[in-house]
Number of protein chains: 2
Amino acid sequence: MSTTKQLAETYKNSKYQVPGHGPRNIHVLQNALAELDGNLESDIYGKGQVIEEFEKKLAAILGKETAVFFPSGTMAQQIALRIWCDQKSVKKVAYHPLSHLEIHEEDGLKKLHLIESVLLADKTRLIRLEDVKNMDTDVACLLLELPQREIGGELPEYEELVAISEFCREKEIKLQLDGARLFEVLPYYQKSAAEICQLFDSIYVSFYKGIGGLAGSILAGDEEFTKEAKVWKRRHGGDLISLYPYILSADYYFEQRKNRFPQYYEQAKELASFYNGCHGITTRPVVPVSNMFHVHLPFPKETLEPVFQAVYEQAGVGLAMALHAVDEASCYFEVSVGDNYGGIPKEALQHAFRVLDEKMKEV
Amino acid sequence: MSTTKQLAETYKNSKYQVPGHGPRNIHVLQNALAELDGNLESDIYGKGQVIEEFEKKLAAILGKETAVFFPSGTMAQQIALRIWCDQKSVKKVAYHPLSHLEIHEEDGLKKLHLIESVLLADKTRLIRLEDVKNMDTDVACLLLELPQREIGGELPEYEELVAISEFCREKEIKLQLDGARLFEVLPYYQKSAAEICQLFDSIYVSFYKGIGGLAGSILAGDEEFTKEAKVWKRRHGGDLISLYPYILSADYYFEQRKNRFPQYYEQAKELASFYNGCHGITTRPVVPVSNMFHVHLPFPKETLEPVFQAVYEQAGVGLAMALHAVDEASCYFEVSVGDNYGGIPKEALQHAFRVLDEKMKEV
């Protein structure tokens with residue numbers, strides 16, 4: 001077995017896992033369905049109580065007129081950008097070079113919608129007001145991701161968001177929120193979802209990250225926007241006869257976890273401080289601004305895999321399922337704090353970090 | 001309440017419903033999951049035991065090298081046609097004017113893939129070998145739907161299929177099977193799925209029609225084809241982190257019903273004969289060739305809705321949830337025979353048709 005596989009196995013078999021809400025197994029869905037009346041009717045091609053009530057509920061939470069449930073965020077966001085491009089008759093949008101659209105979607109936006117992307121900022125930092133002010137304003141839409149996942153989940157200050165929003169409105173550039181982790185950033189901003197969303201014309205939120213549902217997303221905006229989004233949803237093949245497994249699990253885990261984000265945020269700050277206390281390890285951000293951060297390690301992935309495996313075995317605590325190479329000399333992993341964290345005894349956690357610290361000194 | 005709504009309500013509240021497998025409620029999913037081990041791990045973005053095993057199983061059944069699970073047939077078929085168009089550098093495909101792609105997908109193929117459609121035959125009949133021989137052969141792919149749903153589920157003879165397939169191979173035109181109801185036509189052809197599929201280069205099958213799963217489809221073909229299909233699946237936003245609710249229910253109901261299609265076919269022929277025995281009513285086909293057919297009625301929908309409602313109330317048997325206008329003077333509905341049919345006492349069914357016959361005479 002490769003050291004990568006061994007690490008993953010040891011992680012799964014550890015008594016405790018630090019990140020996340022628990023294993024992604026079918027129990028997650030079984031739980032969500034267990035107490036529901038079996039006579040509840042399926043949604044049918046976007047219609048019916050199950051889907052319409054959830055869409056209304058989320059529209060209200062996000063402070064928008066309407067919302068549409070999508071099987072995936074990839075589909076929802078491409079469609080949002082397409083609508084704004086069609087409206088302005090400009091096939092160009094702006095976003096971060098590490099946006100999901102740019103690096104995880106096989107260029108769907110370009111290959112399916114023939115939309116060109118203008119990349120703002122660079123791979124190492126957030127999009128700033130200056131970047132927006134200096135960009136080619138002949139774009140239909142600017143997409144901002146809060147938090148910017150691929151750089152560890154950083155956030156602009158609220159005032160800067162407001163300024164970006166005002167600039168875009170003035171220049172008639174639509175502003176789309178990649179809010180895959182929107183609920184996760186509210187404790188930092190000390191704002192409601194609707195307060196953040198009012199800065200944006202359209203919003204996507206995900207239900208399988210912090211919320212821990214199965215999959216699925218909501219796209220919200222005004223009525224004209226969502227009406228058109230439903231047409232595109234059908235074109236993409238996303239208007240399934242039944243989306244209820246995703247909707248019911250989204251709702252179930254949203255209700256269960258919607259008030260836990262301040263706790264995850266506090267725990268993430270604590271956990272990051274444990275990492276930063278270990279020899280050679282730094283987190284990005286140093287002080288997290290949501291439930292997530294990245295852990296950076298100044299050694300090759302191959303060198304550290306056996307080290308981490310030894311920590312998990314000795315302490316009974318799994319820190320990360322995998323390490324990812326940054327370059328030949330360093331690696332990183334992502335941490336998202338969820339329900340698991342609170343279930344680990346403090347002593348076990350502290351022991352794990354003492355072991356990690358010692359072993360890092362010996363590398 | 002409108003007569004349309006009243007009819008639907010009366011249908012649902014009838015003691016027996018004639019078509020289908022039963023209500024589309026969440027019990028369908030709860031049942032499929034009930035006996036599964038909760039520790040079974042989710043598929044993750046197209047990988048993992050749950051999805052890979054089902055794909056392998058279906059590839060073997062369809063007699064193809066490989067298969068890919070998709071959330072919808074809309075997505076699967078657009079992608080199949082795109083791959084064949086790209087391979088030939090021709091943005092043109094041929095299909096029936098009542099193909100799902102032409103009438104139910106908001107022109108996704110044209111709007112997303114910029115693929116032009118050549119319509120063969122006309123809305124009243126099947127595509128024949130002659131239509132294929134006479135078509136512009138500068139198309140990348142011909143799509144055939146078996147059975148042709150929108151004309152009642154008609155089928156060409158097997159020998160004609162073979163001749164069409166041979167012609168396409170000779171002309172280097174790919175042949176895609178819209179096999180949404182493939183398992184439903186095997187009893188008529190007296191062939192295995194693989195025997196039918198070997199005439200085609202790529203095949204789509206659905207899991208929520210005769211099989212009665214939740215949603216989802218399989219696209220099968222050779223390895224190069226499915227490899228590319230996975231890339232397009234991601235571009236479409238269909239490569240969900242978890243597709244298991246659809247896969248597990250597809251597999252569960254496939255195993256439950258895979259051997260029942262000959263029975264549904266025999267029952268459909270019996271049921272069609274009951275309809276054809278009623279005053280003014282004809283089915284298309286007169287003798288069904290699968291589990292489905294259409295029922296045609298020579299009166300306006302609005303005239304017949306109260307008539308059908310009265311039949312359901314008097315006999316306790318629901319025949320159809322809705323009638324659809326063909327034009328101002330006539331209407332029709334679709335019937336698909338499933339598990340419901342066998343559960344209705346013969347006397348109840350015969351009584352219902354006697355009542356229907358009498359009432360039709362009075363219209």
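Buried means under 20% relative accessible area, exposed means over 50%, and partly exposed is in between. Keep that in mind. This is a predicted model.

Start with H324(B). Is this residue buried, exposed or partly exposed? The relative accessible area of H324(B) is 38%, so H324(B) counts as partly exposed. H324(B) sits in strand β12 of chain B, residues 324-327. Its contacts, leaving out residues up to four places away in sequence, are K301(B), C331(B), Y332(B) and F333(B). Compare H324(B) with E302(B). They are 22 residues apart in sequence, and their C-alpha atoms are 9.6 Å apart in space.

Now chain A. UniProt, in an unreviewed entry, lists residues 40-296 of chain A as "domain: Aromatic amino acid beta-eliminating lyase/threonine aldolase". In the model, that stretch of chain A is 45% helix and 16% strand. The C-alpha atoms at its ends are 47 Å apart.

Next, a sheet in chain A. Which order do its strands take? The order is β9-β10-β13-β12 (chain A), four strands in an open sheet with antiparallel pairing. Look at the edges. β9 (282-284) and β12 (324-327) of chain A each have a single partner strand, so one side of each is left without a neighbour in the sheet. Neighbouring strands here are turned by 35° against each other on average, direction ignored.

Zoom in on β9(A). Three bridges join β9(A) to β10 of chain A, residues 292-297, and the two run antiparallel. Across that pair, T282(A) stands opposite H296(A) in β10(A). Then the helix. α13 of chain A, residues 261-276, lies across β9, β10 and β13 (330-336) of chain A. α13 runs at about 5° to β10(A).

Over to chain B. Seven strands form an open sheet there, in the order β2-β8-β7-β6-β5-β3-β4 (chain B). The pairing is mixed. At the edges are β2 (66-70) and β4 (116-119) of chain B, each pairing on one side only. From one strand to the next, the twist averages 20°.

Take one pair from that sheet. β7 (residues 202-206) and β8 (residues 217-221) of chain B are antiparallel, with four bridges between them. S206(B) has S217(B) as its bridge partner in β8(B).

Two helices to show you on this sheet. α3 of chain B, residues 49-62, touches β2, β7 and β8 of chain B. The direction of α3 makes about 125° with that of β2(B). α8 of chain B, residues 158-170, touches β5 (141-145) and β6 (174-179) of chain B. The direction of α8 makes about 165° with that of β5(B).

Stay with the sheet and go to β3 of chain B, residues 92-95. Which residues lie on each face of β3? K92(B) and A94(B) are on one side, V93(B) and Y95(B) on the other. All of these are buried, and both faces are covered. β3(B) runs parallel to β4(B), joined by four bridges. In that pairing A94(B) stands opposite V118(B). β3(B) also pairs with β5(B), again in the parallel sense, over two bridges. There the partner of V93(B) is C141(B).

Now charges. The structure holds 40 salt bridges over all chains. Here are a few.

In chain B, R82(B) forms a salt bridge with D86(B), closest N and O atoms 3.1 Å apart. The two are four residues apart in helix α4 of chain B, so about one helical turn separates them. R82(B) is buried at 9% relative accessibility. D86(B) is partly exposed at 33%.

Another helix, α16 of chain B, residues 346-362. D357(B) and K361(B) form a salt bridge, with 3.3 Å between the closest N and O atoms. They too are four residues apart, about one helical turn. D357(B) is buried at 18%, whereas K361(B) is exposed at 53%. Back in chain A, salt bridges that share partners link K57(A), D251(A), E255(A) and K258(A) into one network.

Last stop, E184(B), in helix α9 of chain B, residues 182-189. What is the nearest side chain of opposite charge to E184(B)? R181(B), at 5.3 Å. A salt bridge needs the nitrogen within 4 Å of a carboxyl oxygen. E184(B) is buried and has no salt bridge. Its contacts beyond four places in sequence include K209(B), F261(B) and N291(B).

Terms used:
Residues are numbered from 1 along each chain as its sequence is written. Chains are lettered from A and ligands numbered from 1 in the order in which they are written. This is a predicted model: local features need pLDDT of at least 70, side-chain atom pairs count only at pLDDT 80 or more; totals for chains, interfaces and linings use all residues. Side-chain values use heavy atoms; hydrogens and water are left out. Buried means under 20% relative accessible area, exposed over 50%, partly exposed in between (1.4 Å probe, protein chains only). Contact means heavy atoms within 4.5 Å. UniProt positions are given in the numbering used here, feature names are shortened, and annotations may be inferred rather than shown by experiment. Two strands pair if DSSP finds at least two bridges between them. Axes are lines fitted to C-alpha atoms, for helices over the stretch in contact, and angles run from 0 to 180 degrees between N-to-C directions. Lys and Arg count as positive and Asp and Glu as negative; His and the chain ends are not counted.
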